[in-house]
Amino acid sequence: MKNCGRRRDNGFTLVETLAAAVILAASVMVLCSITSRCMDQASLHDDYDQAWSVLDRQLKTLDVTGVDKLLLEGQAEGTYEGFRKPFAWRMTIRDTDTTGLYEVAVSVTWEHQRRMHVIDATTWFYNDTGAS
């Protein structure tokens, strides 16, 4: 007698193998997508760190050179290219009602994946040579 209606238990069927391959492929695609988004976010985070470094550098430069020099030149702006991409910065100084006290606003802009990003900071500098 032949075993016509009995199934052999020594392997997987083609349907089971294809189903496993589809599940594996879908899992790999999801994992690659998550990894890609994480790497993009890490790159953007690195850009923000560099932008804050540019902003801090400009404030330190202002602290060393003094508010008087920048007031003579008006609004200052430039591009810092010391990192892997250029960062444009702009510094604006406004006089306040208090003698010798100036409001300083600095903004840094850069492009990341065809989108512009901006950070801003405002602080105050006291110029004791301008006070009488």
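Me: Is Trp110 buried or exposed?

Reply: Buried means under 20% relative accessible area, exposed over 50%, and partly exposed in between, with a 1.4 Å probe and protein chains only. Trp110 has 1% relative accessibility, so Trp110 counts as buried. This is a predicted model: local features need pLDDT of at least 70, side-chain atom pairs count only at pLDDT 80 or more, and totals for chains, interfaces and linings use all residues. Residues are numbered from 1 along each chain as its sequence is written, and side-chain values use heavy atoms, leaving out hydrogens and water.

Me: How many aromatic pairs are there?

Reply: A pair of aromatic rings is described by the distance of the centres and the angle of the planes. Rings of Phe, Tyr and Trp (its six-membered ring) pair if their centres lie within 6.5 Å; planes under 30 degrees apart are stacked, over 60 edge-to-face, the rest tilted. The count by this rule is 4 aromatic pairs. One of them, Tyr48 with Trp110, is edge-to-face, at 4.9 Å centre to centre and 90 degrees between the planes.

Me: Which parts of the chain does the pair of Tyr48 and Trp110 link?

Reply: Helices (H or I, at least four residues) and strands (E, at least two) are DSSP runs, numbered from the N terminus. Tyr48 lies in helix H1 (residues 14–65) and Trp110 in strand S3 (residues 101–112), 62 residues apart. Tyr48 is partly exposed, at 28%.

Me: Which residues do ring pairs link into a cluster?

Reply: The cluster holds Tyr48, Tyr80, Phe83, Phe87 and Trp110.
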